Amino acid sequence: MPANRVVHSPPVTVRHCPSCEVDVQLAYDVFADSADSTADVIVLTSALNGNMMMYDDAFCTKLADSGPFRVVRYDNRDVGKSTKMDHKGKWLLAPQLLPRWMWKMKAPYTLEDMAVDCVSRLKNVLNVEKAHFAGSSMGGMIAQLVAIRHRKLVLSLTSIASTTGGRDLPSPPFSILLGYLDKPKSNSLRDRLDFKSDYDRRVCWPTAQLDAEADKFIVDDSRRQLEYSLYTGGVVRLLTAIGQCAPRDALLQSLDVPAVVVHGGLDRLVPPAHGARTAKCIRGSRHVVLPEYGHNLPGDARHWPVVEIGRAS
């Protein structure tokens, strides 16, 4: 039966975060068939500085229908309409832009904190005891930490365009990292849209594959996220949390959970070796390489490997 209900929730308090001394509120949506409240839950965690609209309605609806599942997309802290951490100060440089020996700065919060945010929302707000966890890029890192730290909650793990954080893995070109700190000409929606679309063209899609359909996807995806929220003030804090997170290679090797690792074969931001390492670390995982794609795999129902998410077992 097609998903016929979408519940849009305003930000709700999920927990108190001691490290940031603030109550964390997360905004989320639930896609589900209203006739089946017992369907398994799939949690979609967003990428760095991406809000939940990176998982568009068509994608979430098709994913919900494929189970049927209850599909939850949400804004991480410091993104979209969830709690902002501006009181922790504006950071000028992320550790990724400095020599590794200078990575001693203390992050205002950690990816572990963000994993607890995710779990707290499920347990304290949605009353869900178990779920399938999927995430893209930074969202994949958070999903991995949920599986590592909260194993009993995890039905499956899908890690998309992500990494173990292994220090020996290849880094992206420095120019791509600098792009996160660049700014649009103005804060108008038009300038922000042009800026984000141009960055995504350079980073997320190989030039040879950027046809008219792909370019339309980039612009539509950028517009959808920006019309939902223009906030980008947390990007350096998020980058710092990523940079300060310890490698997860050994911890992932201890996992016993159905898992799928999805990666674009032409990813420049998180090179394919990161996906290969993730798949190697998780025993029994399936490694799905999409050879013609870059970093942000398209979120619409035509291109994403929808059947992989929630079906890792």
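Me: What should I know before we start?

Reply: This is a predicted model, where local features need pLDDT of at least 70, side-chain atom pairs count only at pLDDT 80 or more, and totals for chains, interfaces and linings use all residues. Residues are numbered from 1 along each chain as its sequence is written, and side-chain values use heavy atoms, with hydrogens and water left out.

Me: How many salt bridges are there?

Reply: The count is 18 salt bridges. The rule asks for a side-chain nitrogen of Lys or Arg within 4 Å of a carboxyl oxygen of Asp or Glu.

Me: Why do such pairs form at all?

Reply: Side chains of opposite charge can pair when their charged atoms come close.

Me: Ok, which residue does R15 pair with?

Reply: R15 forms a salt bridge with D117, and their closest N and O atoms are 2.8 Å apart. R15 is in strand β1 (residues 5-17) and D117 is in helix α2 (residues 111-125), so this pair ties together parts that are 102 residues apart in sequence. Helices (H or I, at least four residues) and strands (E, at least two) are DSSP runs, numbered from the N terminus.

Me: Are those two buried or exposed?

Reply: R15 and D117 are both buried. Buried means under 20% relative accessible area, exposed means over 50%, and partly exposed is in between (1.4 Å probe, protein chains only).

Me: And what does R73 pair with?

Reply: R73 forms a salt bridge with D57, with the closest N and O atoms 2.9 Å apart. Since R73 lies in strand β4 (residues 70-74) and D57 in helix α1 (residues 57-65), the pair ties together parts 16 residues apart in sequence. R73 counts as buried at 0% relative accessibility, whereas D57 is partly exposed at 41%.

Me: Which side chain meets D86?

Reply: That is R237, in a salt bridge of 2.8 Å, N to O. The pair links distant parts of the chain, with D86 in the loop between β4 and α2 and R237 in helix α7 (residues 235-244), 151 residues apart. D86 is partly exposed at 39% relative accessibility, while R237 is buried, at 1%.

Me: Which residues are joined into one network by shared partners?

Reply: Salt bridges that share partners join R15, R77, D113 and D117 into one network.

Me: Switching topic: what span should helix α6 have?

Reply: Helix α6 (residues 212-228) has 17 residues and should span 24 Å at 1.5 Å a residue; its end C-alpha atoms are 24 Å apart, which agrees. The expected span is 1.5 Å times one less than the number of residues.

Me: Which of its residues are buried?

Reply: The buried residues of α6 include A214, F217, D221 and S222. Among what covers the buried residues of α6 are β2 (22-32) and α5 (189-204).

Me: What does S222 touch?

Reply: S222 sits in helix α6 and is buried, with a relative accessible area of 0%. Leaving out residues up to four places away in sequence, S222 touches L193, K196, S197 and D200. Contact here means heavy atoms within 4.5 Å.

Me: Last one: where does N76 lie?

Reply: N76 lies in the loop between β4 and α2 and counts as buried, at 1% relative accessibility. Not counting residues up to four places away in sequence, N76 touches residues including L26, T45, S46 and M114. A polar atom of the N76 side chain lies 3.4 Å from the backbone oxygen of S46.

How values were computed. A polar contact is a pair of N or O atoms within 3.5 Å; within protein, one must be able to donate a hydrogen and the other to accept it, and residues adjacent in sequence count only if both atoms are side-chain atoms.
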